[in-house]
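User: Could you walk me through a few local features of this one? I'll jump around a bit.

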Amino acid sequence: MNKNKFIRNLPLHIMLLPALTFLFIYNYIPLVGNLMAFQRFNPVRGLFRSEWIGLSNFRYVMLMPGTFQVLWNTFYIAMLKVIVGIVVPVSVALMLNEMRNIRYKRAVQTIIYFPHFISWVILSGVMVDILSPSRGIVGLMFQALGLNAPFFLGDPTIFPYTLVVTHSWKEFGFGTIVYLTALTNIDPTLYEAAMIDGGNRWKQTLHITIPGILPIVMLMSILSMGNILNAGFDQVFNLYNPQVYKTGDILDTLVYRLGLVDAQYGVATAVGLFKSVVSFVMLSISYALAYKFTDYRVF
């Protein structure tokens with residue numbers, strides 16, 4: 001029976017081979033490079049002949065000035081992104097669900113979904129122009145009102161929130177699709193019963209729509225825990241500058257500067273390995289919680 005099933009699914013297994021090969025080459029083979037976290041890595045001597053120094057690189061990272069500030073920045077920015085990344089898409093999905101003009105609804109969906117496909121390399125240039133206090137649209141608006149325009153990309157106090165807002169603007173359209181799909185699974189007869197009982201649109205939303213998508217909201221929130229140390233390298237790297245290192249520097253940008261700029265390969269690998277271990281633990285916990293509270297399972 002199992003043999004027949006395998007033969008029947010053989011074309012599907014063959015179809016997966018290129019993807020599995022790609023995954024093995026670019027995701028599993030590079031794991032050998034984690035050995036550098038325990039070495040005083042020398043590019044001339046290579047990975048297997050460099051001096052072994054145990055946990056010295058991790059000790060150096062812990063004693064390095066600013067390490068805990070970078071860790072806090074990563075956690076804080078990622079948490080804000082997770083929270084806003086749940087609240088905004090849910091709110092927009094609820095509003096789109098109330099639209100009766102299908103063409104207008106589809107047009108809005110397309111418009112808000114489009115920024116998801118634009119890379120941060122391009123969007124960072126757009127944001128710099130828009131948020132410039134002297135020549136950007138936002139700066140000119142403040143000047144027209146007789147106010148001093150805040151330096152969104154240069155003020156350490158404002159910069160983390162600028163990251164969160166711009167990230168939300170780029171990605172909330174993609175998140176909205178998940179909740180719109182969940183809304184389509186709500187039994188329409190519940191709304192009909194509510195109308196018969198005299199429930200208005202607000203009451204229907206409060207007592208039917210929101211409870212109907214609450215399991216999906218819980219699932220997405222729990223699964224987001226796995227990304228608690230992923231504050232978004234592409235975005236931060238393209239938007240930050242030395243003026244905002246205090247509040248904008250994250251683990252990924254620290255790894256970049258240590259490894260590729262300062263050539264401290266072992267120390268950079270130690271930071272990256274620490275982040276990977278913490279992310280793995282958080283991801284395991286998130287999947288366990290998702291299975292317990294929402295009966296979600298990967299396999």
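**Arginine 257 and other local features**

Analyst: Arginine 257 touches Tyr240, Tyr245, Asp249 and Asp262, leaving aside residues up to four places away in sequence, where contact means heavy atoms within 4.5 Å. This is a predicted model, in which local features need pLDDT of at least 70 and side-chain atom pairs count only at pLDDT 80 or more, while totals for chains, interfaces and linings use all residues. Residues are numbered from 1 along each chain as its sequence is written, and side-chain values use heavy atoms, with hydrogens and water left out.

User: Where is arginine 257, and is it buried or exposed?

Analyst: Arginine 257 lies in helix α13, helices being DSSP runs (H or I, at least four residues) numbered from the N terminus. Arginine 257 counts as buried because its relative accessibility is 19%; buried means under 20% relative accessible area, exposed over 50%, and partly exposed in between, with a 1.4 Å probe and protein chains only.

User: And alanine 263, what about its phi?

Analyst: Alanine 263 has a positive phi of about 60 degrees, although it is not a glycine. Most residues other than glycine have a negative phi. Alanine 263 sits in the loop between α13 (251-261) and α14 (265-294), and it counts as partly exposed because its relative accessibility is 41%.

User: Switching to α10, where does it bend?

Analyst: Helix α10 bends by about 40 degrees at leucine 214, with proline 215 following within four residues; the bend is the angle between axes fitted to the seven residues ending at a residue and the seven starting there.

User: Which residues of α4 meet α10?

Analyst: Ile86, Val90, Leu94 and Asn97 of α4 meet residues of α10 including Thr205, Thr209, Ile213 and Val217.

User: Which residues of α10 are buried?

Analyst: The buried residues of α10 are Gln204, Thr205, Ile208, Thr209, Ile213, Val217, Leu219 and Ile222.

How values were computed
Helix = DSSP H or I, 4+ residues; strand = E, 2+ residues; numbered from the N terminus.
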